[in-house]
Structures are given as C-alpha cells and as structure tokens.
Amino acid sequence: MSRIGNNPVLIPEGVTVEINDNVVTVKGKLGELTQEFSGVEVAMEDGNIMVKRPSDSKEHKAKHGLYRSLFLNMVEGVSKGWTKELELVGVGYRASNQGQKLDLALGFSHNIVLDIAPEVKIETTSEKGKNPVVKLTSFDKQLVGQVAAKIRAFRKPEPYKGKGIRFVGEQIRRKAGKSA
C-alpha cells in the first residue's frame with residue numbers, strides 16, 4: 001500500500017487547482033503548471049488534493065504515489081519555487097550569463113554558450129578564492145533538474161582530482177590514483 005499516495009496534498013493560500021477530465025492545472029504567484037494523469041482518481045476534498053487508486057493492480061499502485069508526488073511538486077513550485085546550485089571546480093573554469101545565455105569556460109578550446117529556457121532564472125556568482133556557482137531557479141521542478149543535468153553533463157566530476165561541475169554539497173567518490 002502506497003503511504004505517499006494516501007497523504008493529501010495541502011494547497012496553500014494564493015494557489016488555485018483545477019481538475020478537468022484527466023488534467024490537473026495549478027496556478028500560483030510564480031506561474032502555472034499542468035499535468036495529465038491516468039490510472040488514478042483525483043479529487044478535491046476540504047481544500048486538499050486526494051489521489052485514489054481504483055484497484056490494487058501493479059500499475060495502479062505505481063501511479064498512485066507518482067501522481068501524488070508530481071502534484072505536490074507542482075503546488076510547491078508555483079508557491080515557493082525550486083532552486084538548484086551547480087559549482088564549477090577546476091583551474092580556469094568560469095561561468096557568466098547575459099540574460100538567458102549561459103557562457104561556460106570548462107577547459108575546452110571554445111567556450112560553451114547555452115540558451116536557457118525562459119521559465120528558468122539563471123544567476124552566476126564568482127568570488128575570488130571560491131569556485132564559480134551557477135544558480136537555477138524556476139517554478140517547474142522537472143525543468144530545473146533537466147537544465148541542471150544538461151549543464152553538469154558538459155564536465156562531470158572526475159574521481160581523481162574532483163574537477164568538473166557538481167551540485168553544491170554533492171560528495172564525490174574519490175580514488176587514490178597511482179602510487180610511486
């Protein structure tokens with residue numbers, strides 16, 4: 001039995017939820033998100049979103065917790081927003097942005113210029129003596145994660161020196177290397 005799926009999704013003030021056929025639309029101060037669903041029943045009860053499954057089949061059990069989590073992420077996103085921070089570790093690694101264009105210097109022959117979706121706000125900080133940090137903020141959790149993964153894929157952290165792009169606070173598994 002899905003314990004996550006049984007919990008109601010609390011709707012804070014300033015957020016409106018509409019359920020039409022098999023589409024849930026969530027509007028808040030930061031934006032609007034829609035999500036299609038199938039295999040579960042979604043209803044509004046006492047200002048909360050309740051997700052129920054019609055049977056105990058494997059497919060219905062899997063979708064029960066999934067859709068509840070997706071709806072929770074949508075409600076939290078339009079009310080508070082989601083943030084991911086990436087840190088560039090390495091000599092000469094730099095990041096700057098002009099509007100929605102992210103310019104990364106990662107040790108290749110040319111800089112990487114990446115156009116970021118307009119829903120994602122981007123901010124770069126680089127202080128002397130510290131690694132440059134790229135901060136991504138949006139109301140869509142899936143989009144922020146996808147953009148962050150795309151940026152990280154340009155230079156994944158390597159296990160010997162730890163150089164590369166990593167999430168802030170991420171622990172890199174280090175290897176010993178050659179011993180003389």
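Reply: Strand β3 (residues 23–27) pairs with β4 in the antiparallel sense over 5 bridges. Strands here are DSSP runs of E with at least two residues, helices are runs of H or I with at least four residues, and both are numbered from the N terminus. Two strands pair if DSSP finds at least two bridges between them. The model is a predicted one, in which local features need pLDDT of at least 70 and side-chain atom pairs count only at pLDDT 80 or more, while totals for chains, interfaces and linings use all residues. Residues are numbered from 1 along each chain as its sequence is written, and side-chain values use heavy atoms, with hydrogens and water left out.

Me: Which residue in β4 is the bridge partner of V24?
Reply: The partner of V24 is Q35.

Me: What packs on the sheet there?
Reply: Helix α2 (residues 58–79) does, touching β3 and β4; contact means heavy atoms within 4.5 Å. The direction of α2 makes about 170° with that of β4. For such angles, axes are lines fitted to C-alpha atoms, for helices over the stretch in contact, and the angles run from 0 to 180 degrees between N-to-C directions.

Me: In what order do the strands of that sheet come?
Reply: The order is β2-β3-β4, an open sheet of 3 strands with antiparallel pairing. β2 (16–20) and β4 (32–36) are at the edges with a single partner strand each, so one side of each has no neighbour in the sheet. On average, neighbouring strands of this sheet are turned by 15° against each other, direction ignored.

Me: And the side chains in a strand, where do they go?
Reply: In a regular strand they alternate between the two faces of the sheet.

Me: Back to α2. Is S79 buried or exposed?
Reply: S79, which lies in helix α2, counts as buried because its relative accessibility is 15%. Buried means under 20% relative accessible area, exposed means over 50%, and partly exposed is in between (1.4 Å probe, protein chains only).

Me: What does S79 touch?
Reply: Leaving out residues up to four places away in sequence, S79 touches P12, V15, K29 and L30.

Me: Now the loops. Where is D21?
Reply: D21 is in the loop between β2 and β3. Although D21 is not a glycine, it has a positive phi of about 50°. D21 counts as exposed, at 77% relative accessibility.

Me: And where does D46 lie?
Reply: D46 lies in the loop between β5 (41–45) and β6 (48–52). Phi of D46 is near 55°, a positive value in a residue other than glycine. D46 is exposed, with a relative accessible area of 80%.

Me: Next topic: which strands pair with β7?
Reply: Strand β7 (residues 82–89) pairs with strand β12 (residues 133–138) in the antiparallel sense over 6 bridges. β7 also pairs with strand β13 (residues 164–167), in the antiparallel sense over 4 bridges. K84 has L136 in β12 as its bridge partner, and E87 has R166 in β13.

Me: What is the strand order in the sheet with β8?
Reply: That open sheet has 3 strands in the order β8-β9-β10, with antiparallel pairing. β8 (94–98) and β10 (112–115) stand at its edges, each with a single partner strand. Between β8 and strand β9 (residues 101–105), which run antiparallel, there are 5 bridges; in β9, L102 is the bridge partner of N97.
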